[in-house]
Amino acid sequence: GLTSARAAEILARDGPNALTPPKSTPEIIKFLKQMVGGFSILLWVGALLCWIAFGIQIAQGVASAFDNLYLGVVLALVVILTGIFAYYQEAKSTNIMASFSKMIPQQALVIRDGEKKEVPAEQLVVGDMVEIKGGDRIPADIRLIFAQGCKVDNSSLTGESEPQSRSCDFTHENPLETKNIAFYSTTCLEASPFLPGTATGMVINTGDHTIIGRIASLASGVGNEKTPIAIEIEHFVHIVAGVAVSIGVLFFIIAVSMKYKVLDSIIFLIGIIVANVPEGLLATVTVSLSLTAKRMAKKNCLVKNLEAVETLGSTSIICSDKTGTLTQNRMTVAHLWFDDQIYSADTSEEQTTQSFDQSSQSWAALSKIVTLCNRAEFKPGQENVPIMKRVVVGDASETALLKFAEVILGDVMGIRKRNRKLAEIPFNSTNKFQLSIHETEDPNDKRFLLVMKGAPERILERCSTIMINGEEQPLDRERAEAFQTAYMELGGLGERVLGFCHLYLPEDEFPDTYPFDTDSMNFPTSNLCFVGLLSMIDPPRSTVPDAVSKCRSAGIKVIMVTGDHPITAKAIAKSVGIISANSETVEDIAKRLNIPVEQVNKQDARAAVINGMELKDMTTEQLDEILINHSEIVFARTSPQQKLIIVEGCQRQDAVVAVTGDGVNDSPALKKADIGIAMGIAGSDAAKNAADMILLDDNFASIVTGVEEGRLIFDNLKKTIAYTLTKNIAELCPFLIYIIASIPLPIGTITILFIDLGTDIIPSVALAYEKAESDIMNRRPRHKKKDRLVNEQLAVYSYLQIGILQSVGAFLAYFTVYAEQGWLPNTLLGLRVSWEDDYYNDIEDSYGQEWTRYQRTYLQWSGYTAFFVSITIQQVADLIIRKTRRNSLFQQGLLRNKVIWVGIFSQIAIALILCYGLGSVTALNFTPLRVQYWFVAMPYAILIWVYDEIRKLFIRQYPGSWWDKNMYY
Amino acid sequence: KHKEKMGKKTLADVIQEMKTFLWNSEKRECMGRTAQSWGLILLFYLILYMFLAGMFSFCIYGLLLTLSPYTPTYRDRVSPPGVMIRPYLHGFTIAFNVSEPSTWTPYVNSMHHFLQAYDDNIQEEKNIECPAGQYFVQDGAESKEKKACQFKRSQLQNCSGIEDPTFGYSTGQPCILLKMNRIIGYRPGYGTPVSVNCAIQKGNESALKSVDFYPGNGTFDLMYYPYYGKLTHVNYTSPLVALHFTDVKKNDFVPIQCRLNGEGIVNNVTNDRFLGRIIFTLSIGM
C-alpha cells in the first residue's frame, strides 16, 4: 500500500474522497427572495409612497399625517409576514429531505504503511489498496486485484437489478462493462451465507472523479427549470400588477389633471395599489398546495417541492423506469414446461398457492430438483412472515425458485434436511450449470440423486432422456424440437429460462460411502434425464396495468425507459399495457408481412421499441419524429445520458415530463424532468435528492392518484383566484369613483386589508377542498402554453362582471348609510374637498344640519363598515358560485364540501367581530353598524348567484358557442 | 443551437407581435377579436351594464322613497352639536396687527358678510318675534312651512358692527361670533338655555383678562329651537353668541377654548375638538 505520507500528499492534491454537495442557496437569499417576490414589490412601493406622503404631510403640519405612517407600516408588515410565511412553508418541505443526505460509506479498510487500517472513506486517495467484504459499500472506484465470490449490485448506477460478479480479469474496453472494476457507492453482496465475497482492489478514482461523481455533477449541471405552476402564478402576478400599475398611473394622471394636489394623487395611487393587489392570495395558494401535498403524502406521494404538486397534474408524458416501478423488483417464476406443456404460474404480489396441474409425476421430480438444487435460504426467524415477503440470502433466480417451492411444497428447508446434500458445484459462467448430489428421503431407496439446473441448451446437451408423465423416454429429435419451441416461446416473453434435469445414481456403482469429489467430478454429468423448464421474470405489479390505462384515458403518454434488454422490456410493456395488445412495432409488422423492416410504413406502427444503440446514432430530428409518430414507446438498454436526451426530446414537444427513477444513473434525468419522481424504498439517495417527489411505496399506481390530485388543485386554484380577484374590483371602484365624482371615500385602505387578509382567507383556502366537477382523469392534460391558470375569461368575468356587480351592491349600502343620516346621493357628489377639510366644522347636509369634521369622519367609517359588510356578504355568494365552473350548484351539491361552510361562517364571524367587537377601536376604522345594513347588498348577492347559474346553464346547453368561449374560465 | 432558437425574442419580434396583436390583417382581428366578435362583446357589456345601472337606479329610487324629505331617518351621528366661529378664513388662528388695517380687514369683511342675513330690517321682514325663554315648537303638518324667530344683528351690541364697523379689530379688542351647529329637532339644554364660557386652553391664565358676551351673558335663547330643516324652516338663522375679547395679552399667541355648557352638551371628547367647544388662537399685534 501507500505510505501515510504519500497518501496525505495525494489527498492534498485531489481533495477528499467525497462528492461535492450541490451548491445550495444561502438561507438569507431565499428569505430575501420571498420578500421581493410576487406582489411584494408593489406593496413595498405602496409602503414607500405612504412614508413619502407622511413626510410631506408632517412637514405641512397636517393632522392626519400619521395615518399614512401607520398604513405604510401595515403594508410593510403584510409583505414581511407573508414573506416569512412563504419562507417557512418552503423550508418545511425542504426539511423533509434532510434525512436523505447520508450516502457515503463511513469507514474503509485500507493498507497503509504495510498495515491494515480502518480509515474514514473520505481519506482514501488514488493508489490506496482497500479490502472489501460482502455487505460493504464500495468506498471509491477500485480496480480489483483479488476477488473471491464477489458480486456487486450496480443497480443504483446502471439500473440493472441483477447482481454482477466481479473478478480480477479485464473483460471489456468499457470500464462500465469490465469485470475488474467496482464502483463507488455500489454494494458488494453476500453471495451466500457460507461464502462471503471478499475482494482487494486499488483505488483509481476518488470523490467527484468517480463514475458516480460524474453522474452527480451531470445532475447538478442540469438547470432547475421553473415549475408550470410557478410560471402560471408569475403570469397571474403580471396580469394583476399590470392592471394595478396601469390603473394607478392612469388615475394619477387623471387626478393631477383634475387639479388634485400631487400629494393627494399619490395617496390615491396607494389606495389603488392596495385595492388591486390580492395581498392574501399567494399565501392562500401556498396553503392550498401544501394541503394537497399532505393529501398526496397520505397516498404515498411525498412532495419535496410544493409546486410539484400541480406539475404532476399537468404531466403529459411519464417516462417510467421499469424495474421496481412497473415491476415488483423481484424475480418470480412465471411459466413452467414439463410433460410437453407450458403452464403459467401466478405472479401476483400476494401469492399463497399455485393453481396449475400438479398431479403429474414429472412435476414431483421437477419440484424436487427445484428444491434441492438451490443454495438460497430464508434468513431464520421469519416463520410468521408471508412467504413472498421473507428475506432470502441468495441471488435473484434462486430466491425466486426457493419461494416458488416454498409456496407449493412448504417447508423447503425440511425437505433439504431430509435429502442431505453430499456434494455441490455452484453455478459458474464457464459451465453454466449448478449441480448437487443428495441422499433421498426414502429410507428404502439407497440411490443418490443428482440434480442439475442451468442454461436450458447446456442442460439439454447433457441429457439423453426426457421425462414425460413421470416416465423416462428417449430424447429424440421430435422431443428436442418440442423443447426448442417451448424454450423460444418463453424466451420471447422476455423471461429468463432455466433447464432442470436429474439422475438417480445406480446403487451398485455409487454405494453409501462413495467419496464424491467436485474437483475431479467422479460422477456422471451426461446422459441425464431432462425434466422441465422454469422461466422467471420480474413481474409487473398488479396495480400497474390499471394505472397505465388510467394514464392513457387521462391523455398521458407512458414511455418506458429502462436499462434492461429490449425483449424483456417489450414483454413487460405489453403486460402492463404500455404497448397495448393490438399495437405492433415496425419489426412486428415486418415479421407479419414478411418484408424487410425498411419497407414498412412507419405510420402504421403505433408502438416502438428503441434500443440504446439505435438511439446513440439518432439525430434530434429523428428522435422527435419517433416521439411524435409513436404513441407507445419503449426505450431499452439506455444509458443515463440517453435518458436525459429522451427527456429533453419530450420537452421539445412542449410536454410536461415526469420521470421516475431510483438509481444514481437516473438523477440527471430526474433533475431535467419537469417533475422527477424517485422511489422511496428502492431509490438511491442521489435520486431522491434530484427528485421533486418521492413515491413511498415505489408503486406506479401512486403516480396516477398524484396526477388526479394535481389536476384537481389546478382547477381549484382557478376557483380560488377567481374568488379573490372578484372583490378587488369592489375595492378598487370606490377609489376611482372617489377621485372622479369627489364623494366621501367609500372604503378605507385598512378596511381593504381586513378583507384581503381577514374575511377572505379561510374561504379561499376552503375552495381547495372542492371536489372535481367531472371525471378529471378523462380529459387531456392541460397544454402548458394554452391552458392558463388565469386566462382572459377568468379575469374578465371576475373583474368586469361579478366584480362590478359586487361594487354596485356595496355602493348601494354606502349610499343607504349616508342617505339615512342626512346625506342624499346628490349632495355627496363633488363634496370631497369640503368633506375632508379639517377646519370646516359646520358643513350642511341635505337637510340643513351642520356637521363637525369628526362627526363626518365617524360617518365615513360607518360607510367603510357598510361597504365592507356588503363585500363580505357578496363574497359569500361569490364563494358559493365559485364551487363550480360549469356544473350547476345543485349538481355539485352544497354540502359535499363542508369546509366551504366553515369558510362562510368564519367570514361572517370575522365581519361581526370587526364590526361590533372592534368597532370602538378608532384606528381600525370600523363602527358598530345598524343591523339592517347587513342586508342591503343581499339582493345583489342573490343576483350574483342567479346570474352565475344562468351563465353555467348556457355553457352546459351550448358547448362551443360564443357564450361558452367568452364565459367559461 | 436549438436552445438559441428557442431563447430570447428580439425587440423586433416583440414589436411585430404587438402589431399583429393590435391588427391581425390575416384574420382581420383587432386585439384578438374580429369586428363581429367585438360588436357582440360590447353589446353584451352594454346590456349587462345598462341592466345594472337600471337596477341600481331602481334601488336608489326605492331608498329615496323610504326617506322623509323633512327629517333624516337617523340623527345619532350629528348630535350633540358642534361649534363654529366667525370670522372664518382658513384655520383657527386669528392673527392681525392693529396698526396695519390690511391684516384685519379680511376678518372684518368676513364678519360683515356673515352678518348680512342678520340685518335688523331683513330679520324684521322675514321672521317673527318670539316669546323668549321657551322652545318655539310649531305643530302641524310636517310639510307646513315653519316660522323662524328674529335674531337681530343689533342684539350683538358692541359686536354688531353697527357702531364699530371694525368689530373692535382696529382697537385690538376683536369680536368673534360663536355658532352652535344646527340639528333638526334638537332642543339644547333641555329647557335651560345653553351658555358659553371661554378660557385659556393651556398656559398663563392671565393672558385672557376679560371677555364680554352678547346677547344676554352668552346664552342661546330657547326660542330659536328646535330647528325644522331647511325645506320647511327656510328663513331660519342660527342664533349667535358674540365674544368680545376686551383684554387679551398682546403680541402673543393666546390659545382660547370656548365651551358650551348645558344639559346634554358634550364638550370633552378628545377626538372631536369641535364638539360642544372650539379652540382658536388670538394673536393681536400692536
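In this predicted model, a salt bridge (a side-chain nitrogen of Lys or Arg within 4 Å of a carboxyl oxygen of Asp or Glu) links B:Asp76 to A:Arg930, with 3.0 Å between the closest N and O atoms. Across the interface of chain B and chain A, six salt bridges are found by this rule. Polar contacts, defined as pairs of N or O atoms within 3.5 Å in which, within protein, one atom must be able to donate a hydrogen and the other to accept it, with residues adjacent in sequence counting only if both atoms are side-chain atoms, join 22 residue pairs between the two chains, both residues being at pLDDT 80 or more.

On the side of chain B that touches chain A, the elements that give two or more residues are α1 (2–6), α3 (35–66), β3 (83–86) and β5 (175–180); helices (H or I, at least four residues) and strands (E, at least two) are DSSP runs numbered from the N terminus. The most is given by α3(B), with 15 residues. This side comprises 31 nonpolar, eleven polar and ten charged residues, where Ala, Val, Leu, Ile, Met, Phe, Trp, Tyr, Cys and Pro count as nonpolar, Asp, Glu, Lys and Arg as charged, and the others, Gly among them, as polar.

Contact (heavy atoms within 4.5 Å) involves 52 residues from chain B and 52 residues from chain A. The buried area, that is, the accessible area (1.4 Å probe) lost by two parts on being put together and summed over both, is about 4,200 Å², and carbon and sulfur atoms give 59% of this area. In chain B, the residues that lose the most area to chain A are B:Tyr74, B:Arg77 and B:Arg182, together 18% of what that side buries.

Within chain A, helix α16 (residues 544–553) has A:Val544, A:Ala547, A:Val548 and A:Cys551 buried; relative accessible area under 20% is termed buried, over 50% exposed, and in between partly exposed (1.4 Å probe, protein chains only). Viewed down the axis of α16(A), the buried residues fall within an arc of 100° and so line one face of the helix, the arc being that of the directions from the helix axis to the C-beta atoms. Their cover includes β11 (317–320), β23 (557–561), α17 (566–576) and α24 (700–741) of chain A.

In chain B, B:Asn217 lies in the loop between β7 (208–214) and β8 (219–220) and counts as exposed because its relative accessibility is 67%.

Residues are numbered from 1 along each chain as its sequence is written, and chains are lettered from A and ligands numbered from 1 in the order in which they are written. Local features need pLDDT of at least 70, side-chain atom pairs count only at pLDDT 80 or more, and totals for chains, interfaces and linings use all residues, while side-chain values use heavy atoms, with hydrogens and water left out.
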